[in-house]
Amino acid sequence: MCGIWAIFGSDDDVSRQCSSCLKIAHRGPDAFRIENVNHFKNCCLAFHRLAIVDDIYGMQPMRVHALPHLWMIYNGEIYNCKLVQKQFDFDYETNCDGEAILHLYNHGGAEFAAQHLDGVFAFVLLDTSERKVYLGRDTYGVRPAFRMVEDGFLAVCSEAKGLLGLAHTSTDHEVDIQPFPPGHVETYSLDKKGKAKFQEIKRFHKIGDMPKYETLAPALVDDVTTNIRNLLNAAVKKRLMANRRIGCLLSGEFS
Ligand SMILES: NC(=O)C[C@H](N)C(=O)O
């Protein structure tokens, strides 16, 4: 799982507000971190981690020495992290899958990054040099993300309950907490006071369109059964990039 929580442009006491992130503590049994960004005092990022890849250096908010202006939290698995490293000749600092997002963003922007991720993800990326915040979510919305925007205040969380009680002027009944739309990237700018201003929302991919990244899908042959077996094998294989010894791939329903 993993849980992400972030606020920008708060007028309240951030050190008090950030305790709301504990409402999603169940999403990350391995470690948690709450971080307030220097020079961006009214913003805060928090992360609850279920460590799947690089449990030593993969903690978040993720930062790398080569890109000190970027702060990122994400919930997800990026199956093609090694592939994009080779493709674009990125110099990774960690072995964590999400580092790909930072380098892809640095290479071509947020939409480009989201388009080149083969995986499941919900991310919040803060670029302190551009004073911009980017939100992104995978095409199928496998990883959850909710957000609330209220007059310069932006709050994001893996679960809606992490946003309750945060609004400055509205009550929880009035506040507009929305699921973040799958397959989209949204941009906010931060003014001098750190207030978040909506800039744009872009659909980076939709179901049915060919993805921009190189798929590892095997070539189709004339036999349907062989195709199903090959595609299923490839789909399972690409998900085996985790450091965890045991995994469970499940599709189904419990009633
Ligand atoms: N689990 C996550 O959502 C983040 C990342 N893939 C990790 O292993 O920590």
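In this predicted model, the largest share of the lining of the largest pocket comes from helix 5, which gives five residues. The pocket holds about 1400 Å³ of space. Its lining is made up of 46 residues, and Tyr79, Val120, Ala235, Lys238 and Arg239 are the closest to its centre. Helix 4 (110-115), strand 6 (119-127) and helix 5 (224-238) are the elements that give two or more residues to this lining. By class, the lining of the largest pocket has 28 nonpolar, ten charged and eight polar residues.

The second largest pocket has a volume of about 180 Å³. Arg33, Glu35, Ile56, Tyr57, Met59, Pro61, Met62, Arg63, Val64, His65, Glu93 and Thr94 line this second pocket. Two or more residues of that lining come from each of strand 2 (31-37) and strand 4 (62-64). Strand 4 gives the most, with three residues. Six residues of the lining of the second largest pocket are nonpolar, four are charged and two are polar.

Searching the whole structure gives two cavities of 30 Å³ or more. The largest cavity contains about 80 Å³ of space. It is lined by 14 residues, of which Arg49, Leu50, Tyr74, Gly76 and Asp97 are the closest to its centre. Strand 5 supplies the largest share of the lining of the largest cavity, four residues. That lining divides into seven nonpolar, four polar and three charged residues.

The second largest cavity has a volume of about 30 Å³. Its lining consists of Ala122, Phe123, Val124, Leu135, Gly136, Ala145, Val156 and Phe180. Strand 6 and strand 7 (132-137) are the elements that give two or more residues to this lining, and strand 6 gives the most, with three.

In helix 2 (residues 81-88), the buried residues are Cys81, Val84 and Phe88. Viewed down the axis of helix 2, these buried residues fall within an arc of 65 degrees, so they line one face of the helix. Strand 5 (67-78), helix 3 (99-108) and helix 4 are among the elements that cover the buried residues of helix 2. Strand 5 also gives four residues to the lining of the largest cavity, and helix 4 gives two or more to the lining of the largest pocket. Just after helix 2, Asp89 takes a positive phi of about 60 degrees.

How values were computed. Residues are numbered from 1 along each chain as its sequence is written. This is a predicted model: local features need pLDDT of at least 70, side-chain atom pairs count only at pLDDT 80 or more; totals for chains, interfaces and linings use all residues. Side-chain values use heavy atoms; hydrogens and water are left out. On a 1 Å grid over the protein atoms alone, a cavity is a set of points where a 1.4 Å probe fits but cannot get out, and a pocket is an open set with protein on both sides within 12 Å along at least five of seven lines; lining residues have an atom within 4 Å of a point. Grid points are joined across faces, edges and corners, and a volume is the space filled by probe spheres set on the points. Ala, Val, Leu, Ile, Met, Phe, Trp, Tyr, Cys and Pro count as nonpolar, Asp, Glu, Lys and Arg as charged, and the others, Gly among them, as polar. Buried means under 20% relative accessible area, exposed over 50%, partly exposed in between (1.4 Å probe, protein chains only). The arc is that of the directions from the helix axis to the C-beta atoms. Contact means heavy atoms within 4.5 Å.
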